Amino acid sequence: MSASIIDGKKISQHMREKIENKVMTLKNSGVTPGLAVVLVGDNQASKTYVSMKQKACEKHSIYSTLIRLDEEISEQGLLDKVIELNNDSAIHGILVQLPLPSHIDETKVIETIDPSKDVDGFHPINAGRLMTGGDGFVPCTPYGIIEMLKYENIELAGAHAVIVGRSNIVGKPMGQLLLKEHATVTYCHSKTKDLACHTKQADIIIAAVGIRELITKEHIKEGAVVIDVGMNRDDEGKLCGDVDFQGCSSKAQAITPVPGGVGPMTITMLLANTVKSAEKHSL
Ligand code: NDP
């Protein structure tokens, strides 16, 4: 068997057309969706992510503003900035790029963002809404993955989904979304004994760990759907995922590549969340 490739760029483009229509409708009623991105310090990877997010906003006529703060800014200084953005009616989405310098408490910053502008979906109120079935913001990466699975018509109800990784940003919300779609969900993590024993039972595997080629063809069953969230670098510095793509392609039914799989969807869902917030705020 040779797996079909789930093309994140194509699905993302399809979703962006819908987003663009919503932006037009909002603009026609006098509302321009606005995203504020807060970047503290000089981390190169963070600067790259922030620039990608801003370019995507620009491309789809979403207003975006970058607030660059010095690495040395005090925690209170950052919290004050967030509060200012909470009160700014031109801003519908606030994103504080993580990680933050070690003297700043990330949890405190996330909890200061107005939940109605928390387009990253990290605020406990939004995490709680996801868990209890309420209408909140869903973290962009798992949101993108569930949209990808739906676009590909992959049967979720009754499927056994095994998620490798339990972070608040990817693994945990991924499980909640799959549960909502009636999948049976298993979480694996660094303390899981015999990872392959669990992953081999999966109809759908979501690998969100950050270890290059952790998931090999020995970890999957014939016909599984394999979603690779990982963003790692190989020996030549090239971007690669958590999955041995070549090996797993020979056994899987469908698989996401890295790059070109989950990554493009993440930014698209940030745009979707920003537009959703603008719609809600303009009601
Ligand atoms: P975290 O480091 O927060 O979480 C990693 C998870 O993997 C933890 O739950 C950890 O377990 C688990 N883990 C570590 N080692 C093993 C192991 N040997 N076996 C099984 N599980 C293990 O990472 P994130 O969730 O933030 O990100 C995961 C990956 O996805 C990274 O490569 C990141 O760069 C990428 N990413 C990609 C995005 C995209 O848009 N494509 C967006 C976000 C992330 P424990 O909890 O026990 O420590």
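In this predicted model, helix α10, residues 262–281, gives the most to the shell around the ligand, contributing three residues. That shell numbers 20 residues, and the closest are R166, S167, S190, M231 and T266.

**Ligand contacts**

- S190 places a polar side-chain atom 2.6 Å from an oxygen atom of the ligand.
- M231 has a backbone N or O atom 3.0 Å from an oxygen atom of the ligand.
- For V229, a backbone N or O atom lies 3.4 Å from a nitrogen atom of the ligand.
- The ligand taken alone exposes 930 Å², of which the protein buries 70%.

**The sheet**

- Six strands form an open sheet in the order β1-β11-β8-β7-β5-β6, and their pairing is parallel.
- Its edge strands, β1 (4–5) and β6 (184–188), each pair on one side only.
- Strands of a sheet pair through backbone hydrogen bonds, either parallel or antiparallel.
- Strands β7 (residues 204–207) and β8 (residues 225–228) run parallel and are joined by four bridges.
- Within this pair, I206 stands opposite I227 of β8.

**Helix against the sheet**

- Helix α7, residues 171–180, lies across β5 (160–164), β6 and β7.
- The direction of helix α7 is at about 170 degrees to β6.

**Domains**

- The protein is divided into domain 1, spanning 30–114, and domain 2, spanning 139–262.
- The centres of domain 1 and domain 2, taken over C-alpha atoms, are separated by 29 Å.

Methods: Residues numbered from 1 in each chain as written. Predicted model: local features only at pLDDT ≥ 70, side-chain atom pairs only at ≥ 80, totals over all residues. Heavy atoms only, no water. Domains from an automatic or database assignment. Pairing = 2+ DSSP bridges. Helix = DSSP H or I, 4+ residues; strand = E, 2+ residues; numbered from the N terminus. Contact = heavy atoms within 4.5 Å. Axes fitted to C-alpha atoms, helices over the stretch in contact; angles between N-to-C directions. Near = heavy atom within 4 Å. Polar contact = N/O pair within 3.5 Å; in protein donor to acceptor, adjacent residues only side chain to side chain. Areas by Shrake-Rupley, 256 points an atom, 1.4 Å probe, with all protein chains shown as cover.
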